[in-house]
Amino acid sequence: MTTSGAEQLTLAGLAPRKRRKRAPAEHTPAEQHPIAQVVLDVQALHLGQTFDYFIDEKDSEAAQPGVLVRVRFGGQRVSGVIWARTDTSDTPRSSIRYIERVLSPDVLVPASMREDIGLVAKAYGGTRANILRFAVPPRVAKVETEQRLAASFRRPVGGSLPDNTQGGFAGRGTNPDGTKPAVSTFAVASTVSEGAAQGYRRLTANYADVNVLHDALTGQRFQSFVFDSLPGAQEWQRNMAWMVATALSAGKAAVVELPTMREVEDLMPMLRNYGLKPFAPAPAGGWVGDVAVLNAETMPAADRYRTYLAVALGQVKVVIGTRAVMYAPVEGLALFAILEDAAYQNMDGMMPYPQARGVMRLRAKSHGGVFVAMANARTPQSQWENTGPDTVETPVSGYSTAIHPLASPLKDATPWVRWLNRDELARLADPSIGARVPHTAVRVLSKALESGPVLLSIPQDNVSETLSCAKCHRQVRCAKCSGPLQLPADRRDSTPRCRWCGAAAINWKCPGCGHERMRVVRVGAAGTAAELAGLFRGVPVVLSSKTQGLVRDVACQPMIVIATPGFEPRVRPISAEQGTSGHEYRAVAVLDAWTSLYALGVDARLDTLTAWMRAVSLCAPRSRGGQALILGETDPAIAQSLMLWDSRILAAKDLEERVETGMPPAVAAACVWGRRDAVMTLMQRIGALGGDWTACGELPGMLGPVPIAQPDTVDARELEATADRVKAVIRVPQSRRAELAARLHRETARHVASREPGELRFRVDPKDLI
């Protein structure tokens, strides 16, 4: 049988299957604005623009700007967000496809949120798709039905009864394009306004220029603030809750970004004191409330989408949480506040690596709202914004007003802080000079244990290695850029090199004592609990750390609590008679203070002061006998800042040194890393090698490149794309920061689009340069 005469054999009684040809779907373009400009969920830098699609007439009502859609892109279906609708397109009509499906009729990305996403992407050199990946959580369809049920049960903010009038929250937008009005109109319970008035009277007695912050919270224009908080176990919570209540009373939304979920748990009770209720299930169905928590790490997908949807629909006006909260889709005038802006948790770990502080300030300015950076230890960035002589307006920074404690309340609220270094112990004739816990500290802690718990703060459990002067023990720094020196991984080369610029330390001399020898210092804190248990016999010992596990709280009774930074247990009262003192430690001691002399990184001293202030803030004030001890040698600026509870001392010194060495925030900087040839090609294209950015003032524009380790995903083998991996730093004046982000984005997109070999990534405003 020939091939042409062949036929498919079948079993008796079974006819061959006939395939029906499916007729192409008939589409009719929408009468009004038939072209949708869609941002696709495609993360490649060179595909960051919008793509045009036709809208079918049957989908015209649902396909509003800000809704999720499914479209064809290339040979696959991808999700996207309609960014805008227009009448014309530069793409030929024959090449434009139709939107296949509108996934949700709800506007998940309102107009102001779309504008914010564009500004954030531009500020950090990314694309709108990069930001949408984190801003909008994955859709959970059943949640949308639940929230429509809850939309009919509206009540005043902080109220307890349902309110079905138009004065409540708007469940859906009322503008023709599906967005909400710029200024929301909603009712606020009297308890919120009364509590805000009482809190204002308390703050005016303790802080200077609080009236400026109050006027900004109740006003209609953008202002930025730096808030230096008093010590106290519940001080920052009271201040933050007051700002939220004041903003609500003025008809504004509030977004509060906190380092971890522990701070979220600390703030929620204070918001409840104002009558604000957590976002929770309602008896009639759906979820209702005043305060929603947003967390992308531990929150279930349904809960995260439910919270995001409620904020986008205007059902919740207060959003608190960790880093994900910086993309909360609030509308109109709003308060954007961040706690401990120096925390490493504020740096996003995915392209374009936005920093929470910059995003929050950018959004506050875009909304005409208020930005507040609250911290115990002021960062050099906040110091530069408040007092810097060369402060300029950039997309993510600019001038800020400082709110600082008054002298008399500060003295009353601060515990008695003592620095027990070698000189002080010699003055006290303490025979145990050189001991980890000298006799003077043992007497102080033993006395405090008679009335309550004592906190001992120790360094992190892990062991690190650094170089110091063999005579005076000062950390070894690079003479070129003041970066920390390290021994190369290849032990055959014994010449120390800078971790920032890669320069070799040849003929090194200590600038402090003139000594020429270095030594390796290994720091750690293992076995601290067993050691201290021998000093305080019969006293219960509680250990809270990353390796041992987090202890959330301890009873207000005699015990020794040993904790690493960030793992300090809260103190809970055991009776109502204890009152405020039931939330405080009777004494706090900082052990192994000398390890701060060998910490690496640009923000090493700031991170040390932040950790110590966090621990000391949990101590009782001197009026109730509270004492804090610094045990060991440390930088005098850190010790003085802690003893006077004035972080401006260290911030001013850090800023002065960064101006001299050309480090952020005195300049704008970006880290570029990847394969050596790709990194150097990029540097040449943006002008750092032989171009207009070869120099930054009198300093070189580029630092490095220096070798870096393979990524963690490489398993005992070297991939071609990450071979010869290096990192370099590019510095430009702050006035050219926006141009720096634009050049890096353009040239990296060119590298990807041209399929040039080798890994290539960049990060603007890095937390650290190492």
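## Helices across the sheet

In this predicted model, helix H19 (residues 737–753) lies across E27, E31 and E32, and runs at about 165 degrees to E32. Helix H18 (residues 676–686) lies across E27, E30, strand E31 (725–732) and E32, at about 145 degrees to E27. Axes are lines fitted to C-alpha atoms, for helices over the stretch in contact, and angles run from 0 to 180 degrees between N-to-C directions; contact means heavy atoms within 4.5 Å. Helices (H or I, at least four residues) and strands (E, at least two) are DSSP runs, numbered from the N terminus.

## The sheet itself

Strands of a sheet pair through backbone hydrogen bonds, either parallel or antiparallel. Here 4 strands form an open, antiparallel sheet in the order E30-E31-E27-E32, where pairing requires that DSSP finds at least two bridges between two strands. Strand E30 (702–707) and strand E32 (760–764) are the edge strands, each pairing on one side only, and the twist averages 15 degrees from one strand to the next.

Strand E27 (residues 668–675) is joined to E32 by 5 bridges, and the bridge partner of Cys671 in E32 is Arg763.

## The whole protein

The protein has 19 helices and 32 strands, and 54% of its 770 residues count as buried, that is, under 20% relative accessible area with a 1.4 Å probe, protein chains only.

Residues are numbered from 1 along each chain as its sequence is written, and side-chain values use heavy atoms, leaving out hydrogens and water. Local features need pLDDT of at least 70 and side-chain atom pairs count only at pLDDT 80 or more, while totals for chains, interfaces and linings use all residues.

Notes
Buried < 20%, exposed > 50% of the residue type's maximum accessible area, 1.4 Å probe, protein only.
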